[in-house]
Amino acid sequence: MAGLTKSPSEEREGLLSGVNTPSVSEPDTSKASPFRQQSTRLSLAGIGVLLGLILSVFYWLRVPPRLVNNLYLGGQTLRSNGTQKFKRTVLLVSIDGLRHTLQSKHYLDRGLTPHLLDVSKKGLRAKFMKPVFPTLTFPNHWTLMTGLYTESHGIVANNFWDAETDSEFHYNNISSCWEPHWWLGEPMWETAKKAGLITANLMWPGPAKTLSGASPTYFVPWANKVSLDTKLAQILDWIDLPLSERPQLILTYEPSLDQAGHAKGPYSREVNETLRYVDGFVRDLHDSLVARNLTEIVDVIFVSDHGMTDTSHPELVYIDDLLGENGWKAVKHEDGWPSMGLHFDPSANASHYLDVLLTAAEDNSEKFDVYTPQTMPERYHFAHSSRIAPVYVVPKTGYVLTTRAEGDVGLSKGNHGYDNNDPTMNAVFVAHGPFSSTAKIAHDKQSSSYRLRGPFNPNKGWHSTSDDTYVMDGFQNVEIYNLVMKLLGIPQAEAAQTNGTTGFWDIFF
Ligand SMILES: [Zn+2]
């Protein structure tokens with residue numbers, strides 16, 4: 001960060017030229033008295049305070065004023081871009097299936113996304129963002145909106161059967177899956193609207209309306225094969241609206257990378273081409289914000305819902321072989337994929353079939369696990385919901401559950417949905433705008449205090465700052481809701497309860 005140079009007169013007069021410097025006289029050790037020792041201590045304390053003042057003034061002087069201003073840009077505060085007044089604005093962009101962990105072979109490390117990397121260098125990125133289990137599109141997009149784990153927000157898979165209402169949720173059956181009763185929790189656009197903000201939703205996976213009847217101010221429903229140019233034009237239309245109509249929270253969704261990953265696998269030419277295509281959108285969006293002088297007014301946050309693993313040579317596990325013909329027939333509903341939630345017919349001996357599956361899992365521990373809500377790993381936060389099937393078969397990464405009838409027909413070359421601790425399931429987090437500028441100041445502050453205090457105070461929250469890139473430690477996507485609340489200046493008291501960590505973002509502000 002470039003420091004501001006002091007003017008020669010400041011240099012001559014000193015930074016605190018109006019302050020009287022206390023004179024420090026030689027202590028007279030021959031006549032040491034308790035009073036004299038006390039006054040010496042007081043003088044030393046005075047010097048300490050003065051030094052502290054000088055250091056802090058020096059610190060603020062080396063931070064460009066524009067960045068200091070970012071600390072005060074929030075809520076309804078207005079800032080001019082030179083021609084118009086703007087409120088702080090958050091643009092949250094989800095690139096479905098953009099797999100990211102800081103290691104080779106992941107999507108951002110292929111040399112195909114120079115603009116996304118450039119934006120992350122100007123701003124910051126996380127080492128990775130961990131999705132919730134199951135690592136599927138709809139559960140994770142609703143977690144990003146609500147800050148809740150799957151068991152709390154109710155979207156427990158892309159497709160599932162709900163025993164309570166005897167009805168089926170299926171992500172591509174809009175007439176039923178948009179029913180507000182499915183979507184528990186409060187999405188960030190609902191909270192923002194309650195706080196009096198205008199919001200816009202461009203195809204974010206989720207409903208048009210929640211149970212309370214709330215909907216985004218502007219809503220563009222999902223449609224496939226809409227180009228990123230069209231989406232960019234819509235975003236800019238919103239940003240160019242007059243202040244009284246302009247949204248402060250804009251959500252955007254792009255599915256093409258996930259589609260390429262499923263169809264051809266994460267190492268395919270098609271995925272690489274789509275990475276270039278998405279990167280072109282990142283470039284155009286950034287250029288458009290630069291042209292409007294909005295890069296210190298609009299926070300752009302790129303996220304994804306999950307990663308993508310190679311399943312081009314899948315190991316098949318035949319669930320009907322495991323259960324036997326009668327056992328498979330007794331399954332009335334199957335939830336999710338690639339995991340399989342099983343609801344047995346009430347007349348069937350479900351506990352017997354559970355024992356059969358548990359024994360099979362013991363014999364094939366490298367291939368899959370079998371859980372009930374009581375034995376589900378705590379870290380999945382996937383147990384306390386009546387919508388979660390009583391028996392869940394969870395394959396290990398690369399294994400695929402199927403039946404003899406289905407075989408490997410229609411299997412995709414890439415997939416997700418596996419254990420959220422698997423690095424190939426990790427998602428991306430890149431932020432650029434007033435937030436990243438403020439976060440860097442906070443980081444510099446911590447770094448300097450780290451240097452002053454020695455090696456026993458690790459600079460928590462930051463992985464590395466090599467190559468001028470600020471890389472945060474990995475974190476889970478349940479934290480995103482609270483970040484957006486903070487950026488929009490919505491107080492904690494007005495925000496919804498989430499599974500995010502209290503104070504998680506405090507060190508960045
Ligand atoms: Zn997805």
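Hi everyone, thanks for coming. Please keep in mind that what you see is a predicted model. The chain has 509 residues, and 42% of them are buried. DSSP runs give 15 helices and 23 strands.

Let me start with helix α5, residues 137–146. How many of its residues are buried? The count is 10 of the 10, so α5 is largely enclosed by the rest of the structure. Among them are F138, P139, W142, L144 and M145, but also N140 and H141. And what do these buried residues pack against? Their partners are the strands β3 (89–95) and β11 (298–303), together with the helices α6 (150–153), α8 (188–194) and α15 (480–488). Just past the end of α5, G147 has a positive phi of about 75°.

Next, a helix pair. Helix α9, residues 228–239, packs on helix α11, residues 269–291, with the axes 10 Å apart and an angle of about 20°. Roughly parallel is the cut-off class for angles under 35 degrees, and α9 and α11 therefore belong there. The crossing of α9 over α11 is right-handed. On the α9 side the contact uses L228, L232 and L236, while α11 brings Y277, F281, D284, L285 and S288. By class, that contact holds six nonpolar residues, one polar and one charged.

Now for some strands. β6 (159–162) and β7 (167–170) form an antiparallel pair with four bridges. Within that pairing, W161 has E168 of β7 as its bridge partner. Four residues lie between the two strands of this hairpin, and D166 takes a positive phi near 50°.

Last stop: an open sheet of four strands, paired antiparallel in the order β14-β15-β17-β16. On average, neighbouring strands here are turned by 20° against each other, ignoring direction. At one end of the order, β14 pairs with β15 (340–344) through four antiparallel bridges, and D335 sits opposite G341 of β15. Finally, helix α13, residues 350–363, lies across β15, β16 and β17 (391–395), and runs at about 150° to β16.

That's my tour, and I'm happy to take questions.

Definitions and conventions: Residues numbered from 1 in each chain as written. Predicted model: local features only at pLDDT ≥ 70, side-chain atom pairs only at ≥ 80, totals over all residues. Axes fitted to C-alpha atoms, helices over the stretch in contact; angles between N-to-C directions. Parallel < 35°, antiparallel > 145°, perpendicular 65-115°, else oblique. Left-handed = near helix turned anticlockwise from the far one by under 90°. Contact = placed C-beta atoms within 7 Å. Nonpolar A, V, L, I, M, F, W, Y, C, P; charged D, E, K, R; others polar. Buried ≥ 20, exposed ≤ 12 C-beta atoms within 10 Å, placed from the backbone. Pairing = 2+ DSSP bridges.
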